[in-house]
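Please look over the sequence and the model shown here.

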Amino acid sequence: MGIRRLTLAGWGAALGAGATALMSAGMAFAQDKEGMPTDKAIHLQQGFAELKHDAIWFHNIVLMPVITVITLLVLVLLIWIIVRYNKRTNPVPAKFSHNTAIEIAWTLIPVLILVVIAFFSFSLLRKYNDMPTPDVVVKATGYQWYWTYDYPELGVEGVESRLLPEARELDTAHKANVPYLLGVDNELIVPVGKVVQVQVTGYDVIHAFALPAFGLKTDAVPGRLNSTWFKAEKTGIFYGQCSELCGVDHAFMPIAIRVVTPEQFDAYIVKAGGKTKAMLAAEAAAAKIEAEKAAADAAAASSATAASAATDAPAGEAAVSAAAPAVQ
Ligand SMILES: [Cu+2]
């Protein structure tokens with residue numbers, strides 16, 4: 001029995017490796033385009049953010065081997081029963097209806113498999129949930145059928161992002177050299193290597209903000225502010241699509257994120273009429289100095305008033321209350 005179990009474990013490992021090799025072969029077969037789907041590919045889209053790398057690892061190393069082994073086991077059992085226990089080879093069927101040992105095994109083993117999957121799954125979910133302190137906050141709102149992007153902290157609002165008309169049909173998209181069903185007029189611009197928090201909501205119906213290269217998929221629910229995050233590893237343009245059926249033009253509201261250098265991002269924000277973090281910090285520092293100066297002036301003025309009030313009515317209550325701020 002021990003040898004038999006070892007052999008099964010060995011098979012599991014070999015099959016897992018085989019499944020991963022098959023995926024790599026798919027990757028080699030289809031010429032990968034970064035940040036968008038690839039013709040004839042069977043693998044997950046290449047990741048350019050930590051969460052996506054973790055999701056790919058979870059899929060390739062945990063889920064694929066488990067599902068491959070289970071599928072093959074069921075297939076072998078089916079073939080065995082068809083061949084060994086058909087009417088010809090087994091004319092007198094067994095009469096028993098229960099086998100306690102087998103029933104315990106086929107209850108406990110699936111439970112254990114689910115616990116293993118849940119462990120890795122919850123670790124990944126926790127990572128999605130534990131967002132590092134964001135460098136940039138973006139609000140994405142789904143409309144029927146386009147997206148708008150705001151940078152609430154930087155004062156840029158209502159950037160509308162719509163599918164390019166020429167990207168709507170395959171032949172016009174090819175002619176115009178824009179990605180079919182993905183090309184948009186205004187992309188969401190974010191800086192490379194920075195933690196971007198995406199606050200996601202819907203204006204009319206439920207949409208979903210999804211972008212495979214960064215492992216994003218978050219529902220855009222009217223009246224609710226969901227949140228996800230990513231840290232892009234390289235500059236470039238990455239495409240996703242609305243992933244919640246939202247009406248007749250659901251297929252025509254792509255998501256395009258252009259990742260640029262921090263300098264280019266700052267330039268974009270200024271051009272869009274907003275203020276960069278550096279400008280806001282400088283303004284805040286200037287405002288602080290201004291406020292301190294005003295407070296000092298007010299204190300000086302009030303102590304002068306208190307002094308004159310004290311000469312007029314030294315024992316009056318008004319003088320005491322007027323003098324109080326000056327003492328502080
Ligand atoms: Cu949709």
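**Sheets, helices and a pocket**

Five strands make up an open sheet with mixed pairing, in the order 3-2-1-5-8. Helices (H or I, at least four residues) and strands (E, at least two) are DSSP runs numbered from the N terminus, and two strands pair if DSSP finds at least two bridges between them. Strand 3 (156-161) and strand 8 (226-231) are the edges; each has a single partner strand, so one side of each lacks a neighbour in the sheet. From one strand to the next the twist averages 25°. Strand 1 (residues 136-143) pairs with strand 5 (residues 195-202) in the parallel sense, over seven bridges. Gly 142 has Gly 202 in strand 5 as its bridge partner.

This is a predicted model, in which local features need pLDDT of at least 70, side-chain atom pairs count only at pLDDT 80 or more, and totals for chains, interfaces and linings use all residues. Residues are numbered from 1 along each chain as its sequence is written, and side-chain values use heavy atoms, with hydrogens and water left out.

Another open sheet of five strands has mixed pairing and the order 4-10-9-6-7. Its edges are strand 4 (188-191) and strand 7, each with a single partner strand, so one side of each is left without a neighbour in the sheet. Strand 9 and strand 10 (residues 254-260) pair in the antiparallel sense over six bridges, and Tyr 239 stands opposite Ala 256 in strand 10. Helix 5 packs on this sheet, touching strand 4 and strand 10 (contact means heavy atoms within 4.5 Å), and its direction makes about 135° with that of strand 4.

Helix 5 (residues 262-271) also lies across strand 1, strand 2 (146-151) and strand 3, at about 100° to strand 2. Axes are lines fitted to C-alpha atoms, for helices over the stretch in contact, and angles run from 0 to 180 degrees between N-to-C directions.

The axes of helix 2 (residues 50-84) and helix 3 (residues 100-129) come within 10 Å and cross at roughly 170°. The two helices are therefore roughly antiparallel to each other (angles over 145 degrees count as such). Among the residues making the contact are Trp 57 and Phe 58 of helix 2 and Phe 120 and Leu 124 of helix 3.

The second largest pocket has a volume of about 420 Å³. A pocket is an open set of points on a 1 Å grid over the protein atoms alone, where a 1.4 Å probe fits, with protein on both sides within 12 Å along at least five of seven lines; lining residues have an atom within 4 Å of a point. A volume is the space filled by probe spheres set on the points, which are joined across faces, edges and corners. Of the 20 lining residues, Leu 211, Pro 212, Gly 215, Leu 216 and Lys 217 are the closest to the centre.

Conventions:
Angles under 35 degrees count as roughly parallel, over 145 as roughly antiparallel, 65 to 115 as roughly perpendicular and the rest as oblique.
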